[in-house]
Amino acid sequence: MTLLLLLAAIAMFVALVLMALSGEPESSKTESKPQLHRAYAPSSDFEASVLAARIFSPQDHQFVAELRDPELLRLYRRERSRVAIDWIRKTSGEISAIMQTHRLQSRQSANLDPAAEGRLFFEFVRLRVLCATLQLTVRALGPHTVIALAARTGELCQRLARSLPQANSAGIEGSAS
Amino acid sequence: MLTRANAHDDLERRTLAGMPGDFARLIYLASTRDYNSGMYHHEGLAARYGLEPARQALQFAHREIFRDLVSLSLERLVAELECYVRNSHEAPGGFIHAWQELEPYRVAVPMEQDSSAVQLFLSNVKLALEILRFRQEKSQACQPASSLLPLLGR
């Protein structure tokens, strides 16, 4: 019985992770006027860690909580979770784009280093799992609870982009912010 | 490049420095951009430094102010918006209502920005407006006879 429950819990977690990893960014389906921004090209105006620190800021949550208005706090949580999940999905999508670019380049490469490729794949999986964990935690507890994890994910994503020159030349690096 | 830097310096010193807060600067810079072409234009700057350097200086300043506003905490953004409301000389209630209905801040966003930064900015302004409205209503409930303008600052 315990084993069955454990298996069910694992299956549920995997299903949630898969659910979190799939789907379009929130901004592309819920915003009433998204066309204005969807076409914007990524820019490197924002450092990944700075933007993550703002989106997942515990200070902002504290500020709204101190106003002692349940309606305001609800609105804040809804708004900030939407922005946070959008950021996570975008970051996750960029990680996939970096890897796809790398895979296409690797097919034409004559001297592949299996150890380096293995490390890269491990990094890719780690980042995708981080993104899924972030998304689940944001939904369950709110964005203000995962600031360190979000900043780390942003940094790792940028590091992955920098470590692959072909991803940089494809203009992906700046968009990790 | 030097001309663009000179134009930017001129813009900062003569025009932007005199404005009360970054929100006023953002709205002003967005108003120098043509809605149809997305190109910036400033008669005085263009006459002094040329069309292209003036355009680049305006675009650069716009991006800079936007980045500064996105980097602010929600508390400081509320203070910035409050300052802008106070200096608009409009009735705060009417101003907040109009901004919540029309969302004019959407067109104040520079082009080619990170989509997450744009989302965060729009969401934060929406929240800041709601916070100002909440404060205003609270103040009105406490002192119904007093003026709205000074109450917004409390």
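Here are some questions and answers on helix packing, the chain contact and the nonpolar core in this predicted model.

Local features need pLDDT of at least 70 and side-chain atom pairs pLDDT 80 or more, while totals for chains, interfaces and linings use all residues. Residues are numbered from 1 along each chain as its sequence is written, with chains lettered from A and ligands numbered from 1 in the order in which they are written.

User: How are α5(A) and α6(A) oriented, roughly parallel or roughly antiparallel?
Analyst: Helices here are DSSP runs (H or I, at least four residues), numbered from the N terminus. Axes are lines fitted to C-alpha atoms over the stretch in contact, with angles from 0 to 180 degrees between N-to-C directions. α5 (residues 70-107) and α6 (residues 114-141) of chain A pack at about 170°, axes 10 Å apart. Since angles over 145 degrees count that way, the pair is roughly antiparallel.

User: Which helix gives the most to the side of chain B that touches chain A?
Analyst: The contact (C-beta atoms, placed from the backbone, within 7 Å) takes 24 residues from chain B and 31 from chain A. With twelve residues, the top giver is α7(B).

User: Leaving aside neighbours within four places in sequence, what is B:L81 in contact with?
Analyst: B:L81 is one of the residues touching the most other members of the largest nonpolar core, which has 67 residues. Such a core joins buried Ala, Val, Leu, Ile, Met, Phe, Trp, Tyr and Cys residues through C-beta atoms within 7 Å, buried being 20 or more other C-beta atoms within 10 Å. Its partners are B:F23, B:A128 and B:L132.

Technical notes. Helix = DSSP H or I, 4+ residues; strand = E, 2+ residues; numbered from the N terminus. Parallel < 35°, antiparallel > 145°, perpendicular 65-115°, else oblique. Contact = placed C-beta atoms within 7 Å. Buried ≥ 20, exposed ≤ 12 C-beta atoms within 10 Å, placed from the backbone.
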